[in-house]
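The sequence and model come next.

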Amino acid sequence: MEHNQSIIYIIFLIFTGTAILSTIALFTRQSLLVAYIVLGAILGPWGFGLVKDARLIQQTGDIGIIFLLFLLGLHLHPQDLLHSLRKMSWVTVGSSSFFLLIGFIVGYYFGFTWMECGIIGVTMMFSSTIIGLKLLPTTILHHQHTGELMISILLLQDLIAIVTLFILEAMHDRAFSTNHLGLMICAFPILFIIAYIFERYLLGKLLLKFDKIHEYIFILSIGWCLCMAELAHKFGLSEEIGAFIAGVALATHPISLYIAESLKPLRDFFLVMFFFTIGAGFNLSFLPAVALPAFTLAILMLIFKPLTFGWLLQKAGETKPVSFEIGVRLGQISEFSLLVIFLAAETHLVSETTNYMIEAATIITFFVSSYWVVLRYPTPIAASDRLRRD
């Protein structure tokens, strides 16, 4: 393999470049995720071409999403999770339906086909789990009501996204049957039961017996996460959902917060890869053709998502400041939207132009939303010392 195609050389470019751009991002109060995307665009095949094939690291980046959902589950007690999910179900469904309608109307206005309009609408339904959690201080994530509500909405959106991916697969694959859908519906309770049994009768006992051997805890946690991720995949669900269930199963264990802290560096390593591939995969030659609809879609989402979530959460009994803060933190398009549009493009349900239009709109909202949150609300990289929290 040529030197400029080796994974070692690619990792060298990514992390050297990330170190430079991350420094600039911190001085300008931007999320580090923005630096990763920009670096991908600069070094990728449509930029300077130093990384000629971003697919070499795409699957590596996907592991970061798996670890993110695992750590998310570790912070959530099952009873608190069920209570918040019930409360936020109608908020999530109502907001998602409204965002779908906005996306459909914008697509129709710019002359996309009916199928493309529908898929554009679907991609607008979701907010970014990664940006939402990365910019949420640990104190809020662990102890405050704001974190519980945000996580509940994001989880419900992720479930809708998974169903959407199954529907797109069914539209493309004639062999897809109702048995697949039935298996998917049954999979959730089955996976929770399996996770509960293993945690109570095996995993929990091992963690308690060897809790002083940190290396063993680290290895066992990763093995458990990836085991549940693979099991979920066998049931027809995403690996991310399996990882989340694995985390929730351990959430009541005394050592869960230690596991979460010890896995953060590993998660961040893979997330750098994930966001790099987003920037590297964007074909800049499509930018003139998609700029206007992408900017229109991005601006509408940046305006209506905070307003919609804020209004619905107030109707659900939350205070105005908490409602609007959650709305702002969820005010972007999602990485799940990218997965949906990638699948739709691969199955020829949408054109390349539609694909890159959604990518561009998503990246724009990542930039603006991250900066808005950093300026106004507590984050690890907030714009003032008063707002900066770990």
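E230 is partly exposed, at 38% relative accessibility. Here buried means under 20% relative accessible area, exposed over 50%, and partly exposed in between (1.4 Å probe, protein chains only). The partner of E230 is K234, joined to it by a salt bridge of 3.8 Å, N to O. K234 counts as exposed, at 62% relative accessibility.

This is a predicted model: local features need pLDDT of at least 70, side-chain atom pairs count only at pLDDT 80 or more, and totals for chains, interfaces and linings use all residues. Residues are numbered from 1 along each chain as its sequence is written, and side-chain values use heavy atoms, leaving out hydrogens and water.

A salt bridge is a side-chain nitrogen of Lys or Arg within 4 Å of a carboxyl oxygen of Asp or Glu. By this rule the count is 3 salt bridges.

| Salt bridge | N to O distance |
|---|---|
| K234 and E230 | 3.8 Å |
| K264 and E261 | 3.3 Å |
| E325 and R329 | 2.9 Å |

Where do the pairs sit? Helices are DSSP runs (H or I, at least four residues), numbered from the N terminus. K234 and E230 lie 4 residues apart in helix 10 (residues 214-234), so about one helical turn separates them. K264 and E261 are 3 residues apart in helix 12 (residues 256-280), again about one helical turn. E261 is partly exposed, at 40%.

E325 and R329 belong to helix 14 (residues 320-329), 4 residues and about one helical turn apart. E325 is buried, at 12%. R329 is buried too, at 2%.

Notes: Helix = DSSP H or I, 4+ residues; strand = E, 2+ residues; numbered from the N terminus.
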